[in-house]
Amino acid sequence: MVMKLPRRRFLHLAAAAAALPAVARVARAQDYPTRPVTMVVPYAAGGPTDTIARIMAERMRASLGQVIIVENTTGAAGTIGVGRVARAAPDGYTISIGHWGTHVVNGAIYELQYHVFNDFEPVSLIATNPQLIVGRKALPAKDLQELIAWLKENVATATQGTAGHGSASHVSGVYFQSKTGTQFQFVPYRGAGPAMQDLVAGQIDIMIDQAANSLPQVRAGTIKAYAVTDKTRLAAAPEIPTVDEAGVPGLHISIWHALWMPKGTPKDIITKLNGAVVDTLADAGARKRLAELGQEIPPREDQNPQTLAATHKAEIEKWWPILKAANIKGE
Ligand code: MLT
């Protein structure tokens, strides 16, 4: 029994059916999020990326009306955690927090199952912080020049803790060696957090570490700070000299953190998530906590997917030739 529908009625139904996915998508974005969202931190708990993730997640919850669960998926200098998001469903419920190391360096030195730029949708930059050159408390060196001399005298045994081969802290160490003519052993950890525990315990000698991770320990007097890898001093720690002032001019390294979603995540969901990031970076409490950790927040007009995409692309074009020429290989 075939039901013959009047032509106009048939065309209306067909059009409505065709529009269904779009309507569903808009409805989905309007309701998004309807359940908790996961933010994947590719490094160990307690480190700089984890600390920044938790500050963001806590305040973004108010804007999104849903909890953001922070999950640490660690290993291989962050490639495992970032890979998890690259494979995740593009439905808005899995966020990648990362930085220069995870989304630029790793793309040049690791054989990855994903592309650090093409497999992600940019959401927004979060903040930038320089590195601090820090040492265990009992190190005899009183300033950066004495530290360089001590490293040269102890070339056979000196160690630097890193967050993994290829991590920001490791590449910074390679850059430091090339600028100072020093050689020391790299000791990889699953993040700067566990590395810092061993520095405080005196198990390793130095770190070149994000201000977000080192500043609390410097303030507690449990480690020594020798210099900040920037041309200007940190507002949060004006007593620490710049590398230029300390005699290693130009050793400038800044680590920018950002948020991404899996490729194909609907634009309206990205827009909603970006809105929550913007609210958070405007929030006095969140800004104060980020500033205390030496974080520089980008201006409002740069808190958008387009600026992140442009920054990300430019950093890849700048650093990949350098890293490939330096023949640093991921392990
Ligand atoms: C971390 O959170 O452990 C750091 O972001 C790692 C790094 O310095 O690359």
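This text walks through a predicted model, from its ligand site to its open pocket and then its backbone details. In this predicted model, local features need pLDDT of at least 70 and side-chain atom pairs count only at pLDDT 80 or more, while totals for chains, interfaces and linings use all residues. Residues are numbered from 1 along each chain as its sequence is written, and side-chain values use heavy atoms, with hydrogens and water left out.

Start at the ligand. Its shell holds Tyr 43, Gly 47, Pro 48, Thr 49, His 99, Ala 163, Ser 167, Ala 168, Ser 169, Gly 191, Ala 192 and Gln 210. A residue counts as near when one of its heavy atoms lies within 4 Å of the molecule. By class, the shell has five nonpolar, seven polar and no charged residues. Here Ala, Val, Leu, Ile, Met, Phe, Trp, Tyr, Cys and Pro count as nonpolar, Asp, Glu, Lys and Arg as charged, and the others, Gly among them, as polar.

A polar side-chain atom of His 99 lies 2.9 Å from a ligand oxygen. For Tyr 43, a polar side-chain atom is 3.5 Å from an oxygen of the ligand. Ala 192 uses its backbone: a polar atom there is 2.7 Å from a ligand oxygen. Taken alone, the ligand exposes 270 Å², and the protein buries 100% of that. These areas come from the Shrake-Rupley method with a 1.4 Å probe. Helices α2 (48-64) and α6 (168-180) each give two or more residues to the shell. Helices (H or I, at least four residues) and strands (E, at least two) are DSSP runs, numbered from the N terminus.

Now consider the space itself. Rolling a probe the size of a water molecule over the atoms shows where empty space is left. On a 1 Å grid over the protein atoms alone, a cavity is a set of points where a 1.4 Å probe fits but cannot get out; lining residues have an atom within 4 Å of a point. The search finds one cavity of 30 Å³ or more. The largest cavity has a volume of about 90 Å³, the space filled by probe spheres set on grid points joined across faces, edges and corners. Of its 14 lining residues, Pro 48, Ala 163, Ser 169, Ala 192 and Gln 210 are the closest to its centre. Strand β7 gives the largest share of the lining, three residues. The ligand takes up the space of this largest cavity: more than half of its atoms must lie within 2 Å of the grid points.

The largest pocket has a volume of about 210 Å³. A pocket is an open set with protein on both sides within 12 Å along at least five of seven lines. Among its 14 lining residues, Pro 130, Leu 234, Ala 235, Gly 294 and Glu 296 lie nearest the centre. Strand β4 (residues 120-136) gives the most to this lining, with three residues. The lining divides into five nonpolar, six polar and three charged residues.

Gly 294 leads to the backbone. Gly 294 follows α10 and has a positive phi, near 75 degrees. At the N-terminal end of helix α10 (residues 284-292), Asp 283 is the cap, with a side-chain oxygen 3.0 Å from the backbone nitrogen of Gly 285.

Most residues other than glycine have a negative phi, and most peptide bonds are trans. Ala 76 has a positive phi, near 50 degrees. Ala 76 sits in the loop between β2 (68-72) and α3 (79-86). The Tyr 32 to Pro 33 peptide bond is cis, with omega near -5 degrees. Pro 33 belongs to the loop between α1 (7-31) and β1 (37-41).

Terms used
A polar contact is a pair of N or O atoms within 3.5 Å; within protein, one must be able to donate a hydrogen and the other to accept it, and residues adjacent in sequence count only if both atoms are side-chain atoms.
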